[in-house]
Amino acid sequence: MSNKKTLVLSLGTLTVSCILFITVGSFVTATQDAQPAFTGEYDVNDLEDVLVVVKEHEHESLFLLANEEDDTTLFESDENTQITSPVFMEDHTAAFIQTTGYEDGNDPYETSSELAYSTIYFIDLVTNEVVNVADARGVLQDLAYVPSSKQLIATGENITQQSEPEEQEGNQTAIYRVNNGDLEEIYQGSYAAPGSMQATEDGKLMMILPDDQGNWTAESMFESTERIYMADPTEQQLDLELVSDPEKSEPITSFVQVEDGLIYQTILNYHDGDDMYDYDLVLYSYKNEEEGDRMGVSGNEIESLHLTSTNMLYYVKRSSAYRDGNAFSLHKRDLKDDEHIEDNVFPHNDE
């Protein structure tokens, strides 16, 4: 998930966005009628089996798209709840979150999370057996699995356990280690939820956070830059180490790991004063400490990058900047292919 992509709209486009709001709003209302709708939540493993979440009417369902097999429904949510962050684990097992999500406030831009109900589940992909792993009040947002230590890491906002939640004015985002039903807090130092949280081969945890993490203020959050950090998730409290270029002043919105480096999405014209930001993927080399040429996977509608061991890059496209309706599609591109052909993965057609 991108943690600040909606905050990096240029001021020059803000007025235009407001003018177009009524028109775009009509589009959103229309697309909400399209059923079923891919929600943009997915994961892919090295066999290129894919977990996707689909919404139809008031329910969401978790599907398994396995190679050369029919799509399988694994889990259907309770009414008016959301399924988020499906992740493959080991031994034919996956994890996911079911949450009642954010509640609207009196102000149209105001939401609250502390009174929500959230649950982490494990599911056996062969038998469809579902196990409740942890319950919490508040909104659980993302999961990451660390194979080397068999740890499940979660992020959430205004999370409480073992006590009745109280209404809060602000939002408290934290990272948790999931341990026998308990959510053990291992980091709380940013107003923003970590983005692109993922494990490294040696058992570390990588994520995107604004660079005022640990020492942020109401003023600093508007001047901060999203960067990539790494930490040891076995530590009681995460000690974050900067991984991306400390001199880079453009925000990073999503990333995946490659040999001796990263592929990440950034804004190439961030300082040019253009009306529209120019997003694209670039390769960053640890050895040379510099970015390569743009990869041509461009547009601010690209998000949720995943890379398989065979260098197959998966990503989600949004049909508009508004995250409603049937506006998401899943695609893949073989990075070994010089022609850079994009294949549609889900939905299976473009309807």
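## Basis of the description

Local features in this predicted model require pLDDT of at least 70 and side-chain atom pairs count only at pLDDT 80 or more, whereas totals for chains, interfaces and linings use all residues. Residues are numbered from 1 along each chain as its sequence is written, and side-chain values use heavy atoms, with hydrogens and water left out.

## Salt bridges

Side chains of opposite charge can pair when their charged atoms come close. The whole structure contains 12 salt bridges, each defined as a side-chain nitrogen of Lys or Arg within 4 Å of a carboxyl oxygen of Asp or Glu. One of them joins the side chains of Arg137 and Glu164, at 3.3 Å from N to O. Arg137 belongs to strand E10 and Glu164 to the loop between E11 and E12, so this pair ties together parts that are 27 residues apart in sequence. Arg137 is buried, with a relative accessible area of 12%, while Glu164 is exposed at 63%. Here buried means under 20% relative accessible area, exposed over 50%, and partly exposed in between (1.4 Å probe, protein chains only).

A salt bridge also links Glu342 and Lys317, with an N to O distance of 3.1 Å. Because Glu342 lies in strand E25 (residues 342-346) and Lys317 in strand E23 (residues 312-318), the pair connects parts that are 25 residues apart in sequence. Glu342 is partly exposed at 29% relative accessibility, and Lys317 is partly exposed at 25%. In the salt bridge of Asp334 with Lys336, the closest N and O atoms are 3.1 Å apart; Asp334 is partly exposed at 22%, whereas Lys336 is exposed at 52%. Lys248, Glu250 and Glu291 are linked in a network of salt bridges.

## Surface charge

Glu68, Glu69, Asp70 and Asp71 form a negative surface patch. Patches of this kind consist of residues with over 30% relative accessible area and no salt bridge, like charges being joined within 9 Å; accessible areas come from the Shrake-Rupley method with a 1.4 Å probe. Asp and Glu count as negative, with the charge placed at CG of Asp or CD of Glu.

## Selected positions along the chain

Asn311 is located in the loop between strand E22 (302-307) and E23 and is partly exposed at 33% relative accessible area. Its C-alpha atom is separated by 8.6 Å from that of Arg333, 22 residues apart along the chain.

Pro347 lies in the segment after E25 and is buried, with a relative accessible area of 18%. Between the C-alpha atoms of Pro347 and His331, 16 residues apart along the chain, the separation is 9.3 Å.

Methods: Patches are made of residues with over 30% relative accessible area and no salt bridge: like charges are joined within 9 Å, nonpolar side chains (Val, Leu, Ile, Met, Phe, Trp, Tyr) within 5 Å. Helices (H or I, at least four residues) and strands (E, at least two) are DSSP runs, numbered from the N terminus.
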